Amino acid sequence: MSLCYVPWLRWGRCGQRVSNYAEFCTLITKITGKLASLNDESAVLDIPPFEYEVFIPDFTRRQLQGKIGSDIALHTLNYIDGNAAQGGRLSPRLVGFIAPVEKQFFELFCSVDGVGVKKALRAMVRPVKEMAVMIEQQDAKSLSSLPGIGPATAERVIAKLRRKMPRFALLVGRDATPEDGDDQSDVVRDTFDALLALGHGEADARQLIDDAMASKKKFKDTESLLTAIYQKSSQ
């Protein structure tokens with residue numbers, strides 16, 4: 001069992017024996033502060049009297065561009081980086097995402113043999129919805145084109161995660177506020193389940209929802225979204 005010391009500072013360290021791979025901890029689940037700087041691999045948040053470095057994938061970095069100096073919130077995972085067995089230094093790290101569902105996808109992605117935290121961070125250059133569709137549709141060619149993901153790893157990702165992807169493939173766009181986005185995601189997932197119960201296939205249900213959501217309207221519940229779907233289908 002690892003012993004992690006808080007706060008998780010940019011220059012922090014932690015002790016005790018851990019396994020020879022990055023080990024997730026569950027100490028900090030969300031962090032809010034002023035975005036002090038942004039580089040290719042991480043964001044630095046100013047939360048006086050400390051600065052916290054949070055590692056982020058490229059698609060998250062692109063969403064944060066232009067927000068330096070503004071207050072932001074990131075949903076985070078904590079893990080221990082280093083190899084104590086080889087005498088290496090053990091360092092606590094934070095990994096952050098704008099939405100909780102993106103963090104959930106990352107955890108699943110890391111669970112695939114041969115992926116892990118660093119490779120997952122490097123590979124996630126596309127939005128979660130796009131990656132989920134690749135996996136769900138068994139598009140090994142597109143997956144293997146992601147940084148660090150070769151053909152063999154792509155096949156393992158598909159084999160392990162394909163049936164877990166529908167909820168991620170139905171993510172709404174980033175034009176909504178975080179609160180609205182969460183509400184809309186719930187409506188979309190419930191509508192997807194309803195369409196399956198009505199006899200639609202997964203691909204058909206997803207396409208019907210995507211066509212309805214393209215109007216940019218916000219739907220307060222499943223009934224309103226289903227009504228929009230069938231009105232559009234009857235046109």
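Trainee: What volume does the second largest pocket have, and what makes it a pocket and not a cavity?

Mentor: In this predicted model, the second largest pocket has a volume of about 280 Å³. The word "pocket" is used because its set of points is open, whereas in a cavity a 1.4 Å probe fits but cannot get out.

Trainee: Which residues line the second largest pocket, and which of them lie nearest its centre?

Mentor: There are 14 lining residues, with Glu41, Phe55, Lys118, Leu121 and Arg122 nearest the centre. A residue counts as lining when it has an atom within 4 Å of a point. Strand 5 (71-81) and helix 3 (116-123) are the elements that give two or more residues to this lining, and helix 3 has the largest share, 3 residues.

Trainee: How many of the lining residues are nonpolar, polar or charged?

Mentor: The lining of the second largest pocket has 7 nonpolar and 7 charged residues, and no polar ones.

Trainee: Why is the second largest pocket said to lie between domain 1 and domain 2?

Mentor: Domain 1 (26-98) and domain 2 (99-172) both contribute lining residues, so the pocket lies between them.

Trainee: Stepping back to the protein chain, what share of its residues is buried?

Mentor: Of the 235 residues, 42% are buried, and the cut-off for that word is under 20% relative accessible area. The protein chain has 10 helices and 6 strands.

Trainee: And what share of the accessible surface belongs to carbon and sulfur atoms?

Mentor: Carbon and sulfur atoms hold 49% of the accessible surface, which comes to about 12400 Å².

Definitions and conventions
Residues are numbered from 1 along each chain as its sequence is written. This is a predicted model: local features need pLDDT of at least 70, side-chain atom pairs count only at pLDDT 80 or more; totals for chains, interfaces and linings use all residues. Side-chain values use heavy atoms; hydrogens and water are left out. On a 1 Å grid over the protein atoms alone, a cavity is a set of points where a 1.4 Å probe fits but cannot get out, and a pocket is an open set with protein on both sides within 12 Å along at least five of seven lines; lining residues have an atom within 4 Å of a point. Grid points are joined across faces, edges and corners, and a volume is the space filled by probe spheres set on the points. Helices (H or I, at least four residues) and strands (E, at least two) are DSSP runs, numbered from the N terminus. Ala, Val, Leu, Ile, Met, Phe, Trp, Tyr, Cys and Pro count as nonpolar, Asp, Glu, Lys and Arg as charged, and the others, Gly among them, as polar. Domain bounds come from an automatic or database domain assignment. Buried means under 20% relative accessible area, exposed over 50%, partly exposed in between (1.4 Å probe, protein chains only). Accessible areas come from the Shrake-Rupley method with a 1.4 Å probe; for residues, only the protein chains shown count as cover.
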